Amino acid sequence: MKLKGAQIIIETLIEQGATTVFGYPGGQVIDIYDALYMAQDRIRHIITAHEQGASHAADGYARSTGEVGVVIATSGPGATNLVTGIATAYLDSVPMVAITGNVPNSLIGRDSFQEVDITGVTMPITKHNFFVKTIDELAPTIREAFRIAKSGRPGPVLVDIPKDVQQAVFEYEAAPVVEKDAVPEVNMDAVAEAVKMIAASERPYIYIGGGAITDEAGEEIAALADKIDAPIGCTMMGLSAVPTSNPRWLGMEGMHGHYASSIAQNEADLIITAGCRFSDRGTGNVSKYAKNAKIIHIDIDASELNKNIKAHLGLTGSMKKILAALCEAVEEKKLPEWQARISELKAYTEELERQGDEITPFTAIDAIMEAAEAAGDDIVVATDVGQHQMWAAQRFEFSRPRTFISSGGLGTMGFGLGAAIGAATATGKKTVLITGDGSFGMNLNELATAVTNQTPVVIFVMNNGVLGMVRQWQTLFFDKHYSNTTLQRKTDFVKLAEAFGLPAFRVGQIPGQTCPKACDSCSNMDSCIGTLDELKAVLKQAFAVEGPVLVDCTIDCDAFVLPMLPPGGSIDDIIVDPTAKK
Amino acid sequence: MEQFVISILVANRAGVLTRVSSMFTRRGFNIDTLTVGETESPEFSRITVTHRGDKAICDQIVKQLEKMYDVKKVQVMQRDTMAARELLLIKVKHNPEQRQDIMSVTDVFRAKIIDFSQEALVIEIQGASSKINAFIELLKPYGILEMCRTGLVALERGGNCLKDE
């Protein structure tokens, strides 16, 4: 049938399985929005407060489901507002298709109103991007965008479509959902080599990243760990790939990893890595990283092998298949000495992480998990970026994959609310956003989106009145020069939430408001912090709310994320107790 | 540091050169020379990049190139099995006393004078980069007004082609 370009765009999105898309209308996509209007019974569009929020929502949608997230924006500022969201998705290998309108072909290159070369801008932060010059290439290009976005190592693809192409008429015929590219066959010679390395190992450690989630390799990882008697550690992106309850699970390692996970990795004589790129946050100083270990590196992206860390053996392909082949071929092992050491490390970690009965970041998270369980909610957790993110990564317990939505590679403050809306929309599950007053302040306009759509998002603001992560560095490495991290904003998030139209609760006093002193000279912040009982009572009410709800909870501005490997440092520099340092 | 010659077969589409060269910039890989032109098939262009660095970086370059949508084939050329050439156009000052000297140098290097005017000669030379470098050194004393070199192009000797395999 003959359709307008704009209709072809929407039909192709529907045909490729998009049920909900996020975006914001504007001059050069008005035809697309007209087509959306006509197809509204078949595809849902959620308008956000800002294109950045839409891009994070599409990202959260994709991370929580594994499906391709779709975002639509107009030319110029609409398109550039997507940039942070696209870069966030790129660094964390999230499948996303961004559709942008552009000025008509006849106006391209003339610095026309709201014209920007968005394919040029996004070239280094997309897997690929397209400028659709003519109508005949429109549907094939969008299909190709989906194929690229979800194949191999996923990532964002941008399709820029000038307005005249949206208005032109062309024949359209629905096509099937594009298949992902085939992955390389398992290299059995390399598997045999890995089997030998495992047989020779006395202290193996399995180290997984986000690729393990993309490839749904959780079961294979757990099975291999059981067979070779190895603990499992992960990067932040690997959280939720294997249930936290797995007895072999040590959790996150690296800059703010659990003590046991980081130390065990350093003591290991063999590290089997799957779907992880040895980011500097995981390794610290690469010249001192895991010096005792041989490394087997498994990744779908061949360019990751030997990029950051030289591997003794590299395998390219599907983690699920390679790990299954490895698990089958390997001899069963029992390593009582190694297990005894792991138990010792775990016991010490537990001691380090033991909490009292006051509100701390960890007890607050424990209370959230309790409240969610009591309410019968199988939650998804989203975060912003900063201390709260690390606390959430360390403390939350996960039972299934794709339940921890967080910006790892790019570390995008302001990611959380949009992403939480996307995840809650996609899964229909209550999504808890752990955020801080700094990050939340960046994109809190998306409260409007949550209210309009009654999205089930529980927003938990860990409010300490400071930019806590930077403050922590300033405390440790910059002689307590609290340059521009003491916010003194006095924002009342409860009133703010009410203004947006969602219920909200506060636990404790607004930092810096009732107390005349700046937080950094305050010796008595404790008086601003509420009690754990108050918090529990508030959370019970919050989880009873159907739509969005906000809890503003004051925490200590000097609470640290620990342990910490200083930037550029190695495991020998691990900080467990900062007061013990100079 | 070793010099690597990397041949890249790419789709002949707008923006491909930018994509390839920006990947080098973004990943901190240096480019010594870069040439590009259409191949025997108008669907493809061939880019030849020379890069100085170690083998590990060269491997990374190849893998990063192979990931790119428009890149069809990448090959690191083997020094002993490649035919490689570069072209130089160079403009030198001349006066009657020096003219004969310049012409002798030109002859010895099998270069060619392609423009002759009162003030300057334009000389064309092609060959391996080392020969061109030597030629430039010899002309320096006469006063080089301007010059332009293409960078290396290379093909594998024998019947093998980049597009095969």
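**Terms and values**

Modeller: Gladly! This is a predicted model, in which local features need pLDDT of at least 70, side-chain atom pairs count only at pLDDT 80 or more, and totals for chains, interfaces and linings use all residues. Residues are numbered from 1 along each chain as its sequence is written, while chains are lettered from A and ligands numbered from 1 in the order in which they are written. Let us begin with Glu216(A), which lies in the loop between helix H10 (210-214) and helix H11 (218-228) of chain A; helices (H or I, at least four residues) and strands (E, at least two) are DSSP runs, numbered from the N terminus.

Biologist: Why is Glu216(A) called partly exposed?

Modeller: Count the other C-beta atoms, placed from the backbone, within 10 Å of a residue's own: 20 or more means buried, 12 or fewer exposed, and in between partly exposed. Glu216(A) has 15, so it is partly exposed.

Biologist: And what makes Ala290(A) buried?

Modeller: For Ala290(A) the count within 10 Å is 24 other C-beta atoms, so this residue is buried. Its place is the loop between helix H13 (280-283) and strand S13 (294-299) of chain A.

Biologist: What is phi in Ala290(A)?

Modeller: Phi is positive there, about 40°, although Ala290(A) is not a glycine. Glu216(A), also not a glycine, has a positive phi near 50°. Most residues other than glycine have a negative phi, and most peptide bonds are trans.

Biologist: Which residues does a cis peptide bond join?

Modeller: Leu562(A) and Pro563(A), with omega about 0°. Pro563(A) sits in the segment after strand S20 (549-554) of chain A.

Biologist: How many residues of chain A are in contact with chain B?

Modeller: Eight residues of chain A are in contact with 10 of chain B, where contact means that the C-beta atoms of two residues, placed from the backbone, lie within 7 Å. The side of chain A that touches chain B has four nonpolar, three polar and one charged residues. Here Ala, Val, Leu, Ile, Met, Phe, Trp, Tyr, Cys and Pro count as nonpolar, Asp, Glu, Lys and Arg as charged, and the others, Gly among them, as polar.

Biologist: Which domains does chain B have?

Modeller: The assignment gives domain 1 (2-77) and domain 2 (83-153); such bounds come from an automatic or database domain assignment. Their centres, taken over C-alpha atoms, are 29 Å apart. Six residues from domain 1 of chain B and five from domain 2 of chain B take part in the contact.
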